Amino acid sequence: MQNFRKIKWLPFISFAFLGIIAIGLWENQNHHDRELVLKHLETSAEQVCLRVEGMINARLASLELMADRWVERQPPDFRQQRFQNFAATLSRNYPGFDGIFWIDPLNVIQWVFPKNEHMPAVGKKLDSCIYYGNEGCFDSLKRQGDIFVTSSVRSPEGNSHFYAIQPLVYKGNLKGYLAGFFSVDQIMTLCLTKEILNDFYIKVSEETQMIYEHGNPFLQNATQSEHTSRQPIVSKQIRYGGKTWKILFMPDQSTSKGRRHQNLVHLGFGLALAAAISVLLHFLIKRIEMYKVSRDRAVAEVNQRKKAQAALNTNEKKLQALLSELTAKNAELESFVYTVSHDLKTPIVTIEGFVGALREDFGDKISSDGEQYLRYMSDATHKMELLINELLNYSRIGRLEEKKTTFTMNSAVKEAIATLQPQIEARRITVVVQTNLPMIYGNRKRIEQAIYNIVSNAVKYIGQNNADPRIEIGCTKQNNETIFWVKDNGVGIDQKYFEKIFRIFERLPAAKQATEGTGIGLAIVRRIIEHHSGDIWLESEPGKGSTFYFTLKEKETD
């Protein structure tokens with residue numbers, strides 16, 4: 001009887017014991033989540049710092065290169081048209097410039113590119129455009145002769161910006177200044193990926209002034225001590241042109257709340273399981289004398305369930321870890337491609353610039369062979385730049401959020417064909433477009449690019465000896481699904497290449513012999529179609545032409 005009374009306490013003891021285990025597992029899961037978030041924070045912050053610092057330093061270097069190019073010509077040429085050409089090339093090849101100015105030696109703005117309401121007015125002294133913290137910058141420039149970067153200033157509209165000013169000195173005489181105008185918001189937008197913007201709160205400050213902020217800090221609804229103990233935070237520095245930015249990373253409020261609520265569900269499940277087991281033990285103890293065998297079976301069953309649940313939890317954690325690692329690797333790979341594509345443009349632009357300088361300065365001294373070599377160099381750099389742009393375009397598809405609208409497929413086809421009209425007329429190709437193509441919902445620029453790439457491919461391989469070259473574009477309905485198609489009567493494609501042509505940098509033997517294309521066009525088409533929740537495939541035979549089919553899922557089709 002005394003032993004039976006002791007056993008009566010077993011349900012309470014088991015509930016307390018299992019509750020402690022559940023709480024311990026919950027705390028361990030919270031700690032594990034914080035470690036993962038901190039690691040993700042560190043990696044993302046380091047990537048962002050490298051991108052921002054690399055982008056700004058590259059733009060400062062490009063501004064110095066423009067200044068060197070300007071004064072190196074003999075005799076010097078300080079015409080406005082030359083400035084506009086230089087500024088347009090710089091702005092086109094180096095995104096991130098909000099504006100470029102030419103300032104005379106009296107600090108008066110003479111020329112501005114591009115002209116818009118946000119740029120300082122022509123005829124205005126730049127001294128009056130630079131706010132607190134940048135006084136005396138022109139005196140410093142005259143003494144040192146190096147590029148000067150102003151402190152970032154927050155405008156009344158809430159946007160932060162800064163100037164980079166490069167003096168132009170010719171034979172020891174100051175001829176004026178080149179100034180670049182940069183928006184901090186634009187620089188951060190170019191450098192931050194969609195995943196980072198969704199997952200983190202980011203704040204950038206210079207000295208004591210905040211110059212950029214994105215997201216909702218979890219600290220808004222928590223005390224400082226609670227935040228310090230529970231929420232990871234990473235701080236990094238970005239250095240450029242003698243300036244230092246401090247960038248603060250922490251989990252976004254919505255992300256942190258979602259993770260905390262999920263862990264609370266796990267805790268509730270553990271406590272509920274502990275309570276259920278305790279109740280079960282309570283009824284088992286009441287019947288211990290009558291149902292001893294049943295009790296033993298029930299205990300065995302509970303133990304088996306515990307083992308199964310533990311195995312399930314372990315496998316689930318391993319799977320989640322593998323998925324997280326795969327996602328991080330994919331994001332890192334896309335970020336790497338994006339960064340490398342930008343960096344590769346710098347030597348290409350330099351080569352183009354020096355080829356142009358040779359023709360401009362020594363055109364009358366270059367022999368016909370030399371001119372041919374320069375033409376080879378220009379063609380090679382143009383092809384390399386085209387390849388880099390295609391690769392950069394490929395990496396952007398699906399990585400940046402793009403606006404979608406409703407428009408007719410006929411209008412998209414019309415725009416694509418208009419761009420290719422010179423090539424179509426040169427090869428005397430007949431193009432037939434179905435007039436009743438449906439309305440579609442998507443990113444118009446990307447859909448036009450996909451159609452352009454498919455039709456361009458058909459034009460390239462229509463065949464030199466084709467007596468009646470023809471391209472047809474239309475659609476059909478099958479099983480309540482709209483299927484678009486582009487058909488040609490060109491050279492056709494062997495079936496063994498059907499999958500290969502959609503891979504990046506994969507080109508058919510005929511394309512390699514013709515030295516046409518970059519090997520990315522159809523890979524971009526597939527990525528655009530898949531990003532619009534569709535499929536793409538083809539039917540073709542050598543010598544009988546090709547038909548490319550693609551669909552947009554029901555939610556993308558009106």
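Me: About how much of a helix separates Arg444 and Glu448 in helix H13?
Reply: This is a predicted model with residues numbered from 1 along each chain as its sequence is written. Helices are DSSP runs of H or I with at least four residues, strands are runs of E with at least two, and both are numbered from the N terminus. Arg444 and Glu448 are 4 residues apart in H13, so the separation is about one helical turn.

Me: How far apart are the closest N and O atoms of Arg444 and Glu448?
Reply: Local features need pLDDT of at least 70, side-chain atom pairs count only at pLDDT 80 or more, totals for chains, interfaces and linings use all residues, and side-chain values use heavy atoms, leaving out hydrogens and water. A salt bridge puts a side-chain nitrogen of Lys or Arg within 4 Å of a carboxyl oxygen of Asp or Glu. Arg444 and Glu448 form one, and their closest N and O atoms lie at 2.8 Å.

Me: Is Lys544 buried or exposed?
Reply: Buried means under 20% relative accessible area, exposed over 50%, and partly exposed in between (1.4 Å probe, protein chains only). Lys544 has 62% relative accessibility, so Lys544 counts as exposed.

Me: How many residues apart in sequence are the parts that Glu42 and Lys236 tie together?
Reply: The two residues form a salt bridge, with the closest N and O atoms 3.5 Å apart. Glu42 lies in helix H2 (residues 10-72) and Lys236 in strand E9 (residues 234-240), so the sequence distance between the joined parts is 194 residues.

Me: Which strands stand at the edges of the open sheet of 5 strands?
Reply: The order is E12-E14-E15-E17-E16, with mixed pairing. Two strands pair if DSSP finds at least two bridges between them. Two of the strands have a single partner each, so one side is left without a neighbour; these are E12 (430-433) and E16 (536-540).

Me: What angle does the direction of helix H13 make with that of E14?
Reply: H13 (residues 444-460) packs on the sheet, touching E14, E15, E16 and E17. Contact means heavy atoms within 4.5 Å. Axes are lines fitted to C-alpha atoms, for helices over the stretch in contact, and angles run from 0 to 180 degrees between N-to-C directions. For H13 and E14, the angle is about 140°.
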